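Please read it alongside the sequence and the model shown here.

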Amino acid sequence: VHAKAGGASRGGPPIAAIALVVLSLVGGAAAWLLLPGDPRESTDSPTATATETGSTSAAQKPPPSLDKVPSHLRVLPDVTDARVTAASKGLTSADAVFAALAKARAEGRIAARTDRDDYQGAPRAAADLAGALVGEAAPKAGPLEMASLAGALLRAAGVSDVSYGVDPSAPRSATAIHARRYVVRAAAGAWTDPTTGKPVDAAGVKPLDDAGWLANVLAWRAMGAIVALDSDTASEAANYARRLAPDDPVMAFVSGQTKLAGGLVDMGLSEMGAAASQHADAETWLLLGSSAMQVEQPFKARSYLVKSAEKDPTSPEPHVLLAQLTLDRLGLTPKDQRETLIAEANGHLERAAGIDPDAAGIRPLQAQMAVMAEELDRAEELLAEEVAKHPELGHAWTMYGEFLKARGKLDEALETMKQAVDGGAVVPDLLVTYGRLLAESGSLAEAKGVLERALAAAPETPELRPMVAQVKKALG
């Protein structure tokens with residue numbers, strides 16, 4: 001495959017213009033796998049604190065360590081309010097609560113956070129999720145949020161002695177908080193996974209006291225703050241999480257991620273690496289590799305990704321990221337040496353496809369190379385295949401829509417964006433792209449609505465307010 005810079009397609013826009021779209025968007029492939037991700041939605045969460053509700057019991061006084069945590073960080077997601085109470089109607093036992101939650105999850109009424117970078121709004125309050133049990137729409141929920149909802153519902157059902165724990169046997173959860181399996185116990189009952197409603201082996205469960213539960217809540221809050229670009233909250237929450245659970249490698253990993261997000265690259269990678277040196281699995285090295293890519297540390301990234309591939313030969317993801325890492329070097333490589341890099345990237349993608357031909361990220365990288373070879377129709381086919389195989393990935397739809405627009409296919413781009421929004425693959429980047437394309441097409445009223453929706457979800461995005469203002473001005 002030959003990379004031809006600056007050529008022109010037959011009668012279409014310059015290759016360089018389309019390549020810029022693909023390179024800039026495919027360059028975010030690592031972000032599909034880790035942070036930074038989509039900015040946080042605003043949520044209306046209860047304001048009870050750990051000292052008011054007790055995370056494992058109705059204790060009158062918090063443990064001494066909790067006194068060191070500022071009250072604004074002691075807000076817990078497992079509060080029982082009117083919405084939770086209404087949702088608990090008819091749930092008269094712990095078994096009924098767990099069965100209702102498992103059914104809601106299985107039926108898609110409480111969708112899982114499927115992406116590693118999906119911490120938007122985390123941790124969501126039980127009240128924001130409880131409506132799913134009575135037929136209302138609910139946002140996505142991760143493992144900690146499902147455990148919080150279970151705890152709140154159990155209390156609403158009259159169970160006062162609720163305990164939380166962690167099941168360390170969950171796959172790929174040595175240092176990755178998104179992969180943690182949180183379990184809940186009512187009184188002296190069995191430890192239960194609230195996402196499945198099934199009991200787990202009690203011998204392997206690590207119970208969490210009030211301090212341990214709050215540490216996990218704060219770690220999720222730190223990750224939510226990172227995607228909301230709120231580095232101060234992320235740092236503060238992660239620091240207290242680590243102080244509350246100093247021996248938990250997950251807290252050290254989260255602390256390192258917040259340092260990376262705050263620009264402290266060496267400190268962040270060092271902290272994450274120290275945790276990995278004691279507790280590492282394939283996910284640990286994958287997250288480290290992806291993080292190193294994000295902060296432009298390619299040699300460290302390659303080392304970490306190779307370790308991830310060695311730890312789990314059944315995972316295509318490190319190979320996809322190794323391909324991306326290789327293609328990232330093209331801009332710094334003399335033209336006569338680029339074929340070697342492209343061949344290397346193709347080798348990584350072939351290994352990924354050999355493990356799972358449908359793995360996310362393969363086709364966008366192949367599309368990038370197709371653009372370099374001026375095979376624009378093939379690139380478009382590959383991006384269409386990606387959204388067909390992974391309709392849940394908002395960034396994939398954004399890439400496809402941007403590519404269609406770059407080829408002069410505005411109507412098709414708009415239809416693609418509408419299809420993504422209607423299908424629920426909504427991320428702020430997609431809304432921004434959709435709103436901009438609507439404005440370019442002259443659909444200003446519709447563009448205003450979409451951009452305002454994006455602004456509500458990601459108020460910190462710098463270009464959004466001027467875009468909304470311009471559309472409003474044009475509408476008069």
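Helices α19 and α20 are oblique to each other, because oblique covers the angles left over once those under 35 degrees (roughly parallel), over 145 (roughly antiparallel) and 65 to 115 (roughly perpendicular) are set aside. The model is predicted: local features need pLDDT of at least 70, side-chain atom pairs count only at pLDDT 80 or more, and totals for chains, interfaces and linings use all residues. Residues are numbered from 1 along each chain as its sequence is written, and side-chain values use heavy atoms, with hydrogens and water left out.

**Packing of α19 and α20**
- Helix α19 spans residues 410-423 and helix α20 residues 428-441; they pack at an angle of about 140°, with axes 10 Å apart. Axes are lines fitted to C-alpha atoms, for helices over the stretch in contact, and angles run from 0 to 180 degrees between N-to-C directions.
- In α19, Leu-410, Ala-413, Leu-414, Met-417, Lys-418, Ala-420 and Val-421 meet Leu-430, Leu-431, Thr-433, Tyr-434, Leu-437, Leu-438 and Ser-441 of α20 (contact means heavy atoms within 4.5 Å).
- The residues of this contact comprise eleven nonpolar, two polar and one charged. Ala, Val, Leu, Ile, Met, Phe, Trp, Tyr, Cys and Pro count as nonpolar, Asp, Glu, Lys and Arg as charged, and the others, Gly among them, as polar.

**The chain and helix α10**
- The chain holds 22 helices and five strands; helices (H or I, at least four residues) and strands (E, at least two) are DSSP runs, numbered from the N terminus.
- Of the 476 residues in the chain, 54% are buried. Buried means under 20% relative accessible area, exposed over 50%, and partly exposed in between (1.4 Å probe, protein chains only).
- Helix α10 (residues 249-261) is largely enclosed by the rest of the structure, because twelve of its 13 residues are buried.
- The cover over the buried residues of α10 includes α8 (210-227), α9 (231-244), α11 (265-278) and α12 (282-294).

**Backbone exceptions**
- Most residues other than glycine have a negative phi, and most peptide bonds are trans.
- Ala-122 and Pro-123 are joined by a cis peptide bond, with omega about -10°; Pro-123 lies in the loop between α5 (94-106) and α6 (126-129).
- Glu-296 has a positive phi, near 60°, in the loop between α12 and α13 (298-311), and is exposed at 69% relative accessible area.
- Glu-374 also has a positive phi, about 60°; its place is the loop between α16 (362-372) and α17 (376-389), and at 29% relative accessibility Glu-374 is partly exposed.
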